[in-house]
Amino acid sequence: MAKLFEISNDFAELFDRFEDFNEMEDPAEKEAILQAWYNTLEGIEGEFEIKAESIGQYIKQLRVEIAAMKEEEQRLAQRRRTKEHNAEGLSIYLKTCMEQVHRDKIDTPRCRISLRNNAETVQIDNESLFVRMLQQHGRDDLLRYKEPEIRKTEVKKLLQSGEVFHGARLIRTRSLVIK
């Protein structure tokens, strides 16, 4: 059995030949060839539909598997978040307890636990107030600004109403629907 792309190519080639048949002078020969052309077309269409249906069924099966995988990923992510939360909570608890008893290190056969001094970090009490202060004193070099983001929904509405923007246009794509 031919592959779908081969059937598609045969289909296109068959239609390319149709014009040649219409230019034939002998009506009997033309009718016989056109009848053969229609028969071939029916055969190709039938084979194409069978192949397309098989591929469509396979796509549906893949989508079911994808949905099941996503569901499992979400379930595992939730379990992971719970474990992370538990580990973080227990770490804070153990650190607090060690600080209370003034222990910086615990060394056992199965694990070594120690408290260490981390590198200095910046703590800002009120970020919006701090940003305004930096702006007022001309210290924009200490600020990071995000790139502007295009509101495509608004641009679409304007394009649909007839407004023209250089570098923007409405396009219509096609998608495959399998039910």
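Guide: Helices are DSSP runs of H or I with at least four residues, numbered from the N terminus. In this predicted model, Ser 8 lies in helix 1.

Visitor: Is Ser 8 buried, partly exposed or exposed?

Guide: Partly exposed applies to values between the buried limit of under 20% and the exposed limit of over 50%. Ser 8 is therefore partly exposed, as its relative accessibility is 32%.

Visitor: How far apart are Ser 8 and Glu 45 in sequence and in space?

Guide: In sequence, 37 residues separate Ser 8 from Glu 45, while their C-alpha atoms are 9.3 Å apart.

Visitor: Which residues form the largest nonpolar core?

Guide: In soluble globular proteins, nonpolar side chains tend to be buried together. Here the largest nonpolar core consists of five residues, namely Ile 7, Leu 14, Trp 37, Leu 41 and Ile 44. At least two residues of this core come from each of helix 1 (4-22) and helix 2 (27-100). Helix 2 contributes the most, with three residues.

Visitor: With which residues is Ile 44 in contact, leaving aside its neighbours within four places in sequence?

Guide: Those neighbours aside, Ile 44 contacts Ile 7, Asp 10, Phe 11 and Leu 14.

Visitor: Which residues make the nonpolar surface patch?

Guide: Tyr 58, Leu 62 and Ile 66 make a nonpolar surface patch of about 290 Å². Tyr 58 is located in helix 2.

Visitor: Why does Tyr 58 count as exposed?

Guide: Exposed means over 50% relative accessible area. Tyr 58 is exposed because its relative accessible area is 54%.

How values were computed: Residues are numbered from 1 along each chain as its sequence is written. This is a predicted model: local features need pLDDT of at least 70, side-chain atom pairs count only at pLDDT 80 or more; totals for chains, interfaces and linings use all residues. Side-chain values use heavy atoms; hydrogens and water are left out. A nonpolar core is a set of buried Ala, Val, Leu, Ile, Met, Phe, Trp, Tyr and Cys residues joined through side-chain atoms within 4.5 Å. Buried means under 20% relative accessible area, exposed over 50%, partly exposed in between (1.4 Å probe, protein chains only). Contact means heavy atoms within 4.5 Å. Patches are made of residues with over 30% relative accessible area and no salt bridge: like charges are joined within 9 Å, nonpolar side chains (Val, Leu, Ile, Met, Phe, Trp, Tyr) within 5 Å. Accessible areas come from the Shrake-Rupley method with a 1.4 Å probe; for residues, only the protein chains shown count as cover. A salt bridge is a side-chain nitrogen of Lys or Arg within 4 Å of a carboxyl oxygen of Asp or Glu.
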